[in-house]
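Dear colleague,

I am passing on the structure we spoke about, and below it you will find my notes on what came out of it. Please read them with the structure open beside you.

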Amino acid sequence: MQRLCDMCEKKFGQKSDLFRHKKTIHERRKDYSCDKCKKKFGQKSYLHVHLKTVHEGQRDYACKKCEKKFGIKANLLTHLKTVHKKSQRLRMRPVSEEIRTEIEFAQTPKDSSQMSQRL
Ligand SMILES: [Zn+2]
Ligand SMILES: [Zn+2]
Ligand SMILES: [Zn+2]
């Protein structure tokens with residue numbers, strides 16, 4: 001069942017998503033502030049990622065193709081898509097399939113031996 005935001009007509013699958021959307025987009029509440037640089041965030045998870053990547057320099061997500069590292073998975077996925085996509089042999093597959101493959105890459109960084117056998 002879909003829930004509609006009464007302020008912008010955006011649709012959400014879950015009540016909690018709508019609630020979070022209204023809170024962050026329309027009320028512009030930013031309850032979580034970084035005590036190191038005073039930046040504010042609407043969600044605790046954003047603050048967490050900010051702390052890890054900006055202040056602790058954490059880079060958990062490494063690209064298997066060029067060893068570049070990223071603090072958040074989304075950046076790695078974007079990197080894969082923009083930098084390495086052209087050389088991929090998955091051209092014939094539908095886009096969703098390709099994205100799923102990239103996510104698997106991102107989630108199993110130490111699985112390279114199995115991966116190459118399967119390919
Ligand atoms: Zn809205
Ligand atoms: Zn900060
Ligand atoms: Zn790369």
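Is K38 buried or exposed, and how many other C-beta atoms lie within 10 Å? K38 is exposed, because 7 other C-beta atoms lie within 10 Å and a residue counts as exposed at 12 or fewer. Please bear in mind, here and throughout, that this is a predicted model.

K38 has its place in the loop between β3 and β4, the latter being residues 40–41, and its phi is near 65°, which is a positive value in a residue other than glycine. E67 is exposed, with 7 other C-beta atoms within 10 Å.

As to the chain as a whole, it holds five helices and six strands, and from the N terminus on these elements follow one another as β-β-α-β-β-α-β-β-α-α-α. Of the 119 residues in the chain, 8% are buried. Among the contacts in the chain with a separation of 6 or more, 15% are made by residues 24 or more positions apart.

Y32 belongs to strand β3, which is made up of residues 32–33. Y32 is partly exposed, with 16 other C-beta atoms within 10 Å, so it falls between the limit of 12 or fewer for exposed residues and that of 20 or more for buried ones. If its neighbours within four places in sequence are left aside, Y32 is in contact with K40, F41, Q43, K44 and L47. The C-alpha atoms of Y32 and S45 are separated by 9.3 Å, the two residues being 13 residues apart along the chain.

The last element I looked at is helix α3, which covers residues 73–84. At 1.5 Å a residue its 12 residues should span 16 Å, and the end C-alpha atoms are 15 Å apart, which agrees. The buried residues of α3 are L76, H79 and L80, and because they cover an arc of only 100° around the axis, they are on the same side of α3. In general, an α-helix has 3.6 residues a turn, so residues three or four places apart point the same way. On the face of α3 turned away from its buried side are the exposed residues A74 and T82.

Note on methods: Residues numbered from 1 in each chain as written. Chains lettered and ligands numbered in written order. Predicted model: local features only at pLDDT ≥ 70, side-chain atom pairs only at ≥ 80, totals over all residues. Helix = DSSP H or I, 4+ residues; strand = E, 2+ residues; numbered from the N terminus. Contact = placed C-beta atoms within 7 Å. Expected span 1.5 Å × (residues − 1). Arc of directions from axis to C-beta.
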